[in-house]
Amino acid sequence: MFHSTVHSFYLQETYDTIPGQNKITFLLQAIRDASAAEEVKQMAAVLLRRLLSSSFEEIYPGLTLEMQTAVKTELLTSIQQETSPNIRKKVCDIAAELSRNLIDDDGNNQWPEVLKFLFDSVNSDNVGLREAALHIFWNFPGIFGNQQQHYMEVIKRMLVQCMQDQENPQIRTLAARAAASFVLSNESNTALLKHFADLLPGILQAVNESCYQGDDSVLKSLVEIADTAPKYLRPNLEATLQLCLKLCADTNLTNMQRQLALEVIVTLSETAAAMLRKHTAIVAQSVPQMLAMMVDLEDDDEWDYISTKLCILSLTSNAVAGESALDRIACGLGGKIILPMIKQHIMQMLQNPDWKYRHAGLMALSAIGEGCHQQMEAILQEIVSFVLLFCSDPHPRVRYAACNAIGQMATDFAPTFQKKFHDKVISALLQTMEDQSNPRVQAHAAAALINFTEDCPKSLLIPYLDSLVQHLHVIMVAKLQELIQKGTKLVLEQVVTSIASVADTAEEKFVPYYDLFMPSLKHIVENAVQKELRLLRGKTIECISLIGLAVGKEKFMPDASAVMQLLLKTQTDFNDLEDDDPQISYMISAWARMCKILGKEFQQYLPVVMGPLMKTASIKPEVALLDTQDMENISEDDGWEFVNLGDQQSFGIKTAGLEEKATACQMLVCYAKELKEGFVEYTEQVVKLMVPLLKFYFHDDILFVPLTVSRVRVAAAESMPLLLECARVRGPEYLTQMWHFMCDALIKAIGTEPDSDVLSEIMHSFAKCIELMGDGCLNNEHFEELGGILKGKLEEHFKNQELRQAKRQDEDYDEQVEETLQDEDENDVYILTKVSDILHSVFSSYKEKVLPWFEQLLQLIVQLICPNRPWADRQWGLCIFDDVVEHCSPSSFKYAEYFLRPMVQSLCDSSPEVRQAAAYGVGVMAQYGGENYRPFCTEALPLLIRVIQAADSRSKENVNATENCISAVGKVMRFRPECVNVNEILPHWLSWLPLNEDKEEAVHTFDFLCDLIESNNPIVLGPDNSNLPKIFLIIAEGVANESVKSEDACSKRLANVIRQVQVSAGLWTQCVSTLNETQQKAIQDLLNTA
């Protein structure tokens, strides 16, 4: 800007020391100084706008009234008198920024003169002033505040009149941008959007005109409308789509413009899919456009030797844009629509003699896999056979694309893909990996192999292990030589990861090959110390730790300390590593794997590991609040991601280091989990790090969404109960202090977390913490806040259901919309399950003294179990009442009027989940409910038996409900024998055992069985102990199915039953002879362990 950097640095320093009020005067003078150089005035204008945007509250209200008036007057005078269009525009930005800050909380604009100025200017003969008025309105469309409705017709007339200005194309363009800006800032006002619908043809005309003048600003506004207010386009959707299609197909326009035109269509497939599905003819015409873009490739002789980093085609390339558009539109509109449109095109492209078409066809297949999942799965056989042919295509870049398609399908269609095509795919990839003259193809084949093995069931991979390992070893050795001779490393990086992936899937079956690889891998870590080999070294560290985890402690132990020394060496150089060094995240994950392998023995390394790990977990990403003008100077490829906050503002976060931060946080969770009390030394510093991360990263209610950011919050949540477990050894006082440090933040996070996946983790962790801490862990304020939040969650649950019902009435409703609604529904129910978890932990810790608190939620829970609610609501509502009966009886009976009838009726519900919850409820009534519940146990019994004896009661979907019914019958006989004829029911009950699916209920039934046998119950033992072989069978089945575990109390009792039979040889032989081999082994195991 200024003549020299030194000069500007000096000025910057001086500028920063000036008090705010003086800055305003000083900058205004500079702007108004006719003799000043244009760039000085421009700089002053930018600084003044920034000052108002960032520090308005600190500076402006402190000015005297006449000073405030002077600022306003000066700005408007400057706009009227300034001769340079560029400076005038910058001053308009200042005026817009000032008026944005001068709208008070009631919506009054405290600067009425600016509104008068707008009206006067827009009707002026001076084009410069008309431009200025439109520019201010475009920048701040909310300038009319609460007067907007009053001036609606005037605003509309002003925009229409400017959009029809025949003499001045720049006025037409600006008016169209201003109209779009106004629509966007009123996106949720349906009536207004309808009222302004007739401006859209004018906006579209301006899009068309301005593109051919080399200006894509109006087209960008159209993309924003498609993203934020798609319904505005509905009345003219056909025209909008036709225009975009025309622009996209016009090769005279720049790539950027064509891609933006396509972006409108693709964005609509995401924001208004159902609306777009009514215009399939146009969508069908846009598909060949995307494919044509994908063919737009350069013939590049150097292709094979460029490192992958550079070769990811530049982000503005048509090929990349076309592929991404295809991927998104397939996901947006679904395979039912897209696959039939594209299939023929792809088949023709694959038969084209020009390699670019074959390449594009294969890349297109990779791109649509996720969106067209269901439809492609049906014809996968045909697709895979076809794609594999191209692994031996004459052109290396087509072979590369074939590997790409295989790798993508291996991920999209796992594990079906692996199960059906393992033999063909593995051999094709191994063959392609031998392509010595084309390292990029080799590397990509190795990458596809990684995708294939990651999701491959172990049993399928084992038969190929020998051949896979031999191939990988040969290539690794050859590439190691190449690295030493020529310094090429691309293939080696991928092969090392392929080895890791194979080991990870093969687990202990990898043991025989361990010694083949470990020496070379250690050699790489020792010697690959140059900067350009950092990634290779990182991947090798990952590979070693994954192999160690696969083969297990025994095999790995001899190398463990050597590997640890290598890692420690890297670790001590850790402080010299640059922040973006790829080794960091590999190291951090490797440590955690070493911890899993070594278990408690890892503790000795913590002092070395924890420093760097905490440093990485504490990375604070750079964030910035920018307005549209600043945004133009920062691009997303500098590692910034942005969220548009509307009103010309964006929130940006620099993603460098975020990945590492998230990994480090997950590893801290891993240490706490693996080392338990061995981690106690670090619990305090970790908890101080993690608690604030529960709200990472919000910006005034705007959630920042890169996945990495939510991974940090999930790790923070997961760590809480684990850290409490670690801290237990320090005694109750230390534990309570730590819990107090977490508790408020956890409750607040449940109230504010916007991402449902993260929310469910936080709720789950909170419930676990309460179970851990038990009675007394929440004070009155906690209860009050928690009650309010849970009430809010339940109310929101009902509200969301109503909203979904409303969407089913929408004119664009179709079956794909229904799929989306069902996904939302599942999400909602998942949160409901977590509400139930939290209530469960509160009831089990506090028992009946928590009931008065619970009453604020009572009516909402009752609403869940109304007969007209969806089955999941009824299931979880009943589960909550089950907990009330189980933990808060006999007091629970005072709510019986609300839940007893629905519970008994639900025993015969058509939904097995509801039956299961109801049956469990009857069981706990019998066991814990007390006298008052007796009549209901009697009434429920025949209903339970009816469910158990139904023809399909043991089918996969019914078995859990049925087993809960069997257990409930057992509990009624055991705890309320007066309610039933025990002798009549016992023989039936025995014939229903053992329970195989519901392990918790199985333990109850075995406990009761032991009671009966130990008291020599004649019905159970049968005349002359004739039922013993049957009882043996039940016990053997239970042990074989792991329904009885050695730590359960009843396993000792069952073992005693068996030992008593052993005494009588004849009886023993008779009992054992009916058992098969597995069952006999199970009996033996029980005797050995119990």
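This is a predicted model: local features need pLDDT of at least 70, side-chain atom pairs count only at pLDDT 80 or more; totals for chains, interfaces and linings use all residues.
## A45 in helix α3

Start with a single residue. A45 lies in helix α3, which covers residues 38-59. Its relative accessibility is 1%, so A45 counts as buried. The cut-off for buried is under 20% relative accessible area.

What does A45 touch, leaving aside neighbours within four places in sequence? The contacts are I31, K90 and I94. A45 and C244 are 199 residues apart along the chain. Their C-alpha atoms are separated by 37 Å.

## Helices α22 and α24

Two packed helices are described by the angle between their axes and the distance between the axes. Take helix α22 (residues 380-389) and helix α24 (residues 416-432). Their axes come within 11 Å. They cross at roughly 10 degrees. Angles under 35 degrees count as roughly parallel, so α22 is roughly parallel to α24.

Which residues make the contact? From α22 come L380, Q381, V384 and L388. From α24 come F417, F421, K424, V425 and A428.

Helix α44 spans residues 896-906. Its buried residues are A896, F899, L900, P902, M903, V904 and S906.

Where do these buried residues pack? They pack against three helices: α43 (871-888), α45 (912-929) and α46 (934-949).

Key. Residues are numbered from 1 along each chain as its sequence is written. Side-chain values use heavy atoms; hydrogens and water are left out. Buried means under 20% relative accessible area, exposed over 50%, partly exposed in between (1.4 Å probe, protein chains only). Helices (H or I, at least four residues) and strands (E, at least two) are DSSP runs, numbered from the N terminus. Contact means heavy atoms within 4.5 Å. Axes are lines fitted to C-alpha atoms, for helices over the stretch in contact, and angles run from 0 to 180 degrees between N-to-C directions. Angles under 35 degrees count as roughly parallel, over 145 as roughly antiparallel, 65 to 115 as roughly perpendicular and the rest as oblique.
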